[in-house]
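Have the sequence and the coordinates open side by side. The text moves from strand to strand and then to the charged side chains.

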Amino acid sequence: MRVVHICNLPLAAGHPDRGRIVTHPGRWVLNLALAQRAHAGIDARLVVQVPGASRDYECEVKGVPVRYVAAPERLRSATLFFFDVRRLGRAVLDWEPDVVHAHGTEDAYALAAQACGKPRVVTAQGCFFIINRELPPRGWFSRERIVEFTERLALRRAGDVVAKSAYVRNELARAFPHLRLHEIPNTFDPALLEIPVDRQRRAGHLAFVGTVVERKGVHLIREALGILRRERPEVFARCVLHIFGDRREASEYEEREIAGLRELMGEKLVTHGTLESM
């Protein structure tokens, strides 16, 4: 059986735009493909769209065939991902899959899988119909609202959906009762099991791991540390905050929050950047 995953993946070492384009750091779909090939006899392959890439690129990553598909950087959501769907569909069907697996509803992936006309499954991670409810976008014509529209379109057409957490599964069950839901957590790299966990802890050291974006609540960490400094200065004096996931090309939100944390904590803020996840 051949399964083609439409997903995110960091750029491989030989990709011509590696180092120039910052891509999603997650590699859990690669972990899944490695497990499928090793343990289930599945010919798992990955199709990854790269907005802003100079050209398409094919390679193998740890023995998994990967096809990076170049796409424009602008106006993708404004066209309701129409051209993305066609572009990704061509790349997927060229491999003649038995099953197409779309990872995420925040881009064109689910729509592209459905357009292929093959048996398919959609994985739902963070859904915009949930995010936009908690963090309403500014203005009616925004990428977030367009993505919620295309996400709802895809989910209304979907059958089998993998939910990565119980809360996503419960939200999907309420909003789209026709779905056949499967709660399966993300795969992870077995190398993580080799990290020793019996090392000495450092009291007061905190770590935030993830991209510095509003929906992940970095501003709440900053506000909480400010309260701690004001009300429990003896506890605050022991705090050191490590951030793993800050980027060189920071958004306005990230610049503001990192600057606020730096003013609050001085040298007790340690930024590690976005680590190589491949």
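What follows is a walk through the sheets, the salt bridges and a surface patch.

This is a predicted model. Begin with the eight-stranded sheet. The sheet is open, and its strands run in the order β3-β4-β2-β1-β5-β6-β7-β8. Its pairing is mixed. Two strands form the edges: β3, at residues 57-61, and β8. Each of them pairs on one side only. From one strand to the next, the twist averages 25°.

Now go to β5, residues 99-103. Is this strand enclosed by the rest of the structure or open? Five of its five residues are buried, so β5 is largely enclosed by the rest of the structure. In a regular strand, side chains alternate between the two faces of the sheet. Read β5 with that in mind. Val99, His101 and His103 lie on one side, and Val100 and Ala102 on the other. Every one of these residues is buried, and both faces of the strand are covered.

Next, look at the strands that pair with β5. Strands of a sheet pair through backbone hydrogen bonds, either parallel or antiparallel. Strand β1, residues 2-7, pairs with β5 in the parallel sense. Four bridges hold this pairing. How does the chain get from β5 to β6, and with which hand? The chain crosses through helix α3, residues 109-115. This β-α-β crossover is right-handed.

Strand β7, residues 160-163, runs parallel to β8. Four bridges join the two. Val162 stands opposite His182 in β8.

His242 stands opposite Val270 in β11.

Turn to the charged side chains. How many salt bridges does the structure hold? There are 20. Take Arg27 and Asp189, whose closest N and O atoms are 3.4 Å apart. Arg27 lies in the loop between β1 and α1 (28-39), and Asp189 lies in the loop between β8 and β9, so the pair ties together parts that are 162 residues apart in sequence. With 8% relative accessibility, Arg27 counts as buried. Asp189, at 24%, counts as partly exposed.

Asp107 and Arg143 form another salt bridge, with their closest N and O atoms 3.6 Å apart. Asp107 sits in the loop between β5 and α3, and Arg143 in helix α5 (residues 143-157), so this pair ties together parts that are 36 residues apart in sequence. Asp107 counts as buried at 17% relative accessibility, where the cut-off is under 20%. Arg143 counts as partly exposed at 35%. Both residues belong to a network of salt bridges. Arg76, Asp84 and Arg87 are linked in that network too.

One more pair is Asp43 and Arg45, which form a salt bridge with the closest N and O atoms 3.1 Å apart. Arg45 has 15% relative accessibility and counts as buried.

Helix α2, residues 82-93, contains Arg86. This arginine is partly exposed, at 46% relative accessibility. Compare its place in sequence and in space with that of Cys116. Arg86 and Cys116 are 30 residues apart in sequence, and their C-alpha atoms are 9.1 Å apart.

Finish on the surface. Which residues form the nonpolar patch there? They are Phe188, Leu192, Leu193 and Ile195. Together they have about 420 Å² of accessible area. Leu192 is placed in the loop between β8 (180-183) and β9 (205-209). Asp189, the partner of Arg27, lies in the loop between β8 and β9 as well.

Methods: Residues numbered from 1 in each chain as written. Predicted model: local features only at pLDDT ≥ 70, side-chain atom pairs only at ≥ 80, totals over all residues. Heavy atoms only, no water. Buried < 20%, exposed > 50% of the residue type's maximum accessible area, 1.4 Å probe, protein only. Pairing = 2+ DSSP bridges. Right-handed = clockwise from strand over helix to strand, strands pointing away. Patch = residues over 30% accessible without salt bridge, like charges linked within 9 Å, V, L, I, M, F, W, Y side chains within 5 Å. Areas by Shrake-Rupley, 256 points an atom, 1.4 Å probe, with all protein chains shown as cover. Salt bridge = Lys/Arg side-chain N within 4 Å of Asp/Glu carboxyl O. Axes fitted to C-alpha atoms, helices over the stretch in contact; angles between N-to-C directions.
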